[in-house]
Amino acid sequence: HTGQNTQQHIHEKLIEKAKEKLSTTSLSVSEIAYTLGFEHAQSFSTLFKKKTKMSPLAFRKAFN
């Protein structure tokens with residue numbers, strides 16, 4: 001119904017949760033990545049940047 005495949009839908013949800021954690025907690029990017037089930041923080045950062053056009057740290061700075 002969303003026009004997205006399963007993986008895209010999961011990625012959207014992960015990015016939503018990541019944005020929430022980046023803006024409301026002081027957890028490190030690595031801690032957030034592991035909390036969301038990523039084995040490597042770099043994979044998380046790459047996905048986040050691909051989806052939002054900014055790094056997790058840049059997002060946090062822009063938000064605060």
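The following questions and answers cover the predicted model shown above, its overall fold and two of its residues.
This is a predicted model, in which local features need pLDDT of at least 70, side-chain atom pairs count only at pLDDT 80 or more, and totals for chains, interfaces and linings use all residues. Residues are numbered from 1 along each chain as its sequence is written, and side-chain values use heavy atoms, with hydrogens and water left out.

Trainee: Which pattern does the chain follow along the sequence?
Mentor: Helices (H or I, at least four residues) and strands (E, at least two) are DSSP runs, numbered from the N terminus. The chain has four helices and zero strands. Read along the sequence, the pattern is α-α-α-α.

Trainee: Why is the chain called as compact as a globular protein of its length?
Mentor: The globule rule is 2.2 Å times the number of residues to the power 0.38, and the radius of gyration is taken over C-alpha atoms. For 64 residues the rule gives 11 Å, so the chain counts as that compact because its own radius of gyration is close to this, at 11 Å.

Trainee: What percentage of the 64 residues in the chain is buried?
Mentor: Buried means under 20% relative accessible area, exposed over 50%, and partly exposed in between (1.4 Å probe, protein chains only). Of the 64 residues in the chain, the buried ones make up 31%.

Trainee: Is Ser-23 buried or exposed?
Mentor: Ser-23 is found in helix H1, residues 6-24. Its relative accessibility is 19%, so Ser-23 counts as buried.

Trainee: Which backbone oxygen does the side chain of Ser-23 reach at 2.8 Å?
Mentor: A polar contact is a pair of N or O atoms within 3.5 Å; within protein, one must be able to donate a hydrogen and the other to accept it, and residues adjacent in sequence count only if both atoms are side-chain atoms. A polar atom of the Ser-23 side chain lies 3.1 Å from the backbone oxygen of Glu-20. At 2.8 Å, the side chain reaches the backbone oxygen of Lys-19.

Trainee: Which residues does Ser-23 touch, not counting those up to four places away in sequence?
Mentor: Contact means heavy atoms within 4.5 Å. With residues up to four places away left out, Ser-23 touches Phe-59, Phe-63 and Asn-64.

Trainee: How far apart in space are Glu-31 and Ala-41?
Mentor: Glu-31 sits in helix H2, residues 29-35, and is partly exposed at 41% relative accessible area. Glu-31 and Ala-41 are ten residues apart in sequence, and their C-alpha to C-alpha distance is 8.1 Å.
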